[in-house]
Amino acid sequence: AVLSLVALALLRVRGAHNGPPAAAPIAMASTFGIWEGRIPGLDAMALEKRVPLGQTGMAIAPLGIGTWAWGNKLLWGYDPEADAELQGAFDEAVGSGLNFFDTGDSYGTGELEGQAERLLGQFRDDFARTRDSAAAGRVCLGTKLAVYPWRLTGQSFEDACRASLQRMGRDQLEIAQAHWSASNYAPWQEPALW
């Protein structure tokens, strides 16, 4: 059960806000099935709020969707046959007002490395084409670039950004950041990346 909670994609926030803030009823889906329940402290009104994203002019929902499991066969048992379910989760999340998705260039295993980025780009394009192009335009994809030992220069990070852009079918990234700091295990690598 704990593993499936980490791999969740929000499906739908149901109901209207009645009375004092309470936990919003939600349904979540993952490759492990559907989970329905409440998240304490989260009410339906909270999902209508937006947080400014620096000076980009974008504003994101205070709750985001993580995609670590998308493409990861090793830890999460990802199966490409579940892509339609993931697309449904993406569509429901965006349709419910959520607009921030967290991903990483290392999300996926083996030949599927970067699969989460590919799926998010595809899902956003499909949502724009078939449902609501304005809502799709407000979707923010934040990707994290792995600090692999072979990424030793700022140029290697620029190349990683270009590869992420290509996988997502975009010409710019809303958010790109180092996935983790190298300072604890390879401190000499850290300054070279910037």
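How many salt bridges does the structure hold? The structure holds 8 of them, a salt bridge being a side-chain nitrogen of Lys or Arg within 4 Å of a carboxyl oxygen of Asp or Glu.

Some notes for a first look:

1. This is a predicted model, where local features need pLDDT of at least 70 and side-chain atom pairs count only at pLDDT 80 or more, while totals for chains, interfaces and linings use all residues. Residues are numbered from 1 along each chain as its sequence is written, and side-chain values use heavy atoms, leaving out hydrogens and water.

2. Start with Asp-105 and Arg-151, whose side chains form a salt bridge (2.8 Å, N to O). This pair links distant parts of the chain, 46 residues apart: Asp-105 is in the loop between strand E7 (100–104) and helix H4 (115–130), and Arg-151 in the loop between strand E8 (140–145) and helix H6 (154–168). Helices (H or I, at least four residues) and strands (E, at least two) are DSSP runs, numbered from the N terminus.

3. Asp-105 is buried at 3% relative accessible area, and Arg-151 is buried at 11%. Buried means under 20%, exposed over 50%, and partly exposed in between (1.4 Å probe, protein chains only).

4. Next, see helix H4, where Asp-126 and Arg-129 lie 3 residues apart, about one turn. Their side chains meet in a salt bridge at 2.9 Å, N to O. Asp-126 is buried at 19%, whereas Arg-129 is exposed at 61%.

5. Finally, in helix H6, Arg-162 and Glu-158 are 4 residues apart, about one helical turn. Their salt bridge is 3.5 Å, N to O, and Glu-158, Asp-159 and Arg-162 are linked in a network of salt bridges.
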